[in-house]
Amino acid sequence: MKKCIMCGLQKSGADANFICPDCSQFAPFLQQVYREVDEKLSSPDAVVDPTSDHILQLVADSTFLTVANPQLTIYYKMCELIIQKAYKREYQISEEQLNKAIKTIRSWSAVFKLFQELDLIQVTIEDHQRIITLTDKIERMVKPFQSESLSDQIIKRHAHIYAGYVLLNILNKVAEMRVDEPDDGRLPYGQKPRTLWSCLMFVWGSAYSGKQTFSEEDLRRFLSKRRIPSTTYSEAIKALQSMSGKTVQTLIKDISIDGDQITFAISDYAFREILNLRDRARERQR
Ligand SMILES: [Zn+2]
C-alpha cells in the first residue's frame, strides 16, 4: 500500500510513501498560519488580546477540537499551569510541583524540549530536580492582564492560545516532512497529531475553498478514510457542537439539523481570517 506520510491515507499500489492531494494543499497553508502566529507571539512588543486578535482566536478555537484527546492533554495542561502561574507572578515551577499539578505517565523530556524550543520556558537543574522558569515571552503576554481580576474563562482562553501555538509547532513539523525523509524523530514522542491535522485540514479546507458550511457526513467520511477511530471522531464532533455554555469555542456559529443531516456553519470571523490567510499564502508562493 501507498501511505500518506502526513495524514496516513492509504492507497493501493506498491509499498511507498506519498503525500496525498489534500495534504499537499494544506501543508503550505498550515505553515503560513504557524509563521504568522509565531511572528506575532515572538515580537518583543506583542500584546495578546484573546478577544480581539482573529488569528489567535482561530488558533485557540481550532485546537479546542482535540482538547479531550489523551495524546494531546499534556500540552493543554502544561499551558494552563504556565498561564495560571504567570498571572500570579510565579515564574518558577519545580518538577515536584509540576508532578503534583499534572498527572501523567509520560516523561516530561519531550514536552520540555518543545516548550524550550518555542522559548516559553527554560529548564535548569537544582538539587537533583528540574526547575522550569517561565521566559520573558510568557511574562510579556500576561503583563497587561495581571492587574485585572481575571475570570477562569480568560485564563482558559489564554492557555488555549498557547496550547494552540505549541500544537501548531508540532503540525508545522508534520508539514515540513518530505517523502524521501519522513522523520518522525523531530516530533515529540514520535507522534503525529493525526486527528487534529485531519480535522483542521477538513474544516479550514472548507473555508479555504470558499465554503462556509460543511456537513457532518462529509467530515465523518474524510476522517474515516484516514482511519481515525470513531471514538476520537465523536470527541471532535462533540467539541464542534459545544458552541456555548461551559465551553469557549467560537469556531462554529450555527448547527442546523435536517432529518439525520447535520450541517455546521463556520463563524464569520474564522471564515474571513482563513480566506485572508489563504491569500497571503498564495502571495508568498508566487
Ligand atoms: Zn495526506
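Q: Which residue in β6 is the bridge partner of Gln92?
A: The model is predicted: local features need pLDDT of at least 70, side-chain atom pairs count only at pLDDT 80 or more, and totals for chains, interfaces and linings use all residues. Numbering starts from 1 along each chain as its sequence is written. Strand β6 (residues 129–134) pairs with β4 in the antiparallel sense over 3 bridges. Within β6, Gln92 has as its bridge partner Thr133.

Q: How many bridges join β5 to β6?
A: The two strands run antiparallel. Ile121 stands opposite Leu134 in β6. The number of bridges joining β5 to β6 is 6.

Q: Which residue takes a positive phi in the hairpin of β5 and β6?
A: The hairpin has 2 residues between the strands. A positive phi near 45 degrees is taken by Asp127.

Q: Why is one side of β2 and of β3 left without a neighbour in the sheet?
A: Here 3 strands form an open sheet with mixed pairing, in the order β2-β1-β3. β2 (10–11) and β3 (16–18) stand at the edges, so one side of each lacks a neighbour because each has a single partner strand.

Q: Are α3 and α7 parallel, perpendicular or oblique to each other?
A: Axes are lines fitted to C-alpha atoms, for helices over the stretch in contact, with angles from 0 to 180 degrees between N-to-C directions. The axes of α3 (residues 73–87) and α7 (residues 152–175) come within 8 Å and cross at roughly 130 degrees. Under 35 degrees counts as roughly parallel, over 145 as roughly antiparallel, 65 to 115 as roughly perpendicular and the rest as oblique. The two helices are therefore oblique.

Q: How many residues of the contact of α3 with α7 are nonpolar?
A: Contact means C-beta atoms, placed from the backbone, within 7 Å. Residues of α3 including Tyr75, Cys79 and Ile83 meet residues of α7 including Ile155, Tyr162 and Leu167. Ala, Val, Leu, Ile, Met, Phe, Trp, Tyr, Cys and Pro count as nonpolar, Asp, Glu, Lys and Arg as charged, and the others, Gly among them, as polar. The contact has 1 charged, 2 polar and, as nonpolar residues, 12.

Methods. Helices (H or I, at least four residues) and strands (E, at least two) are DSSP runs, numbered from the N terminus. Two residues are in contact if their C-beta atoms, placed from the backbone, lie within 7 Å. Two strands pair if DSSP finds at least two bridges between them.
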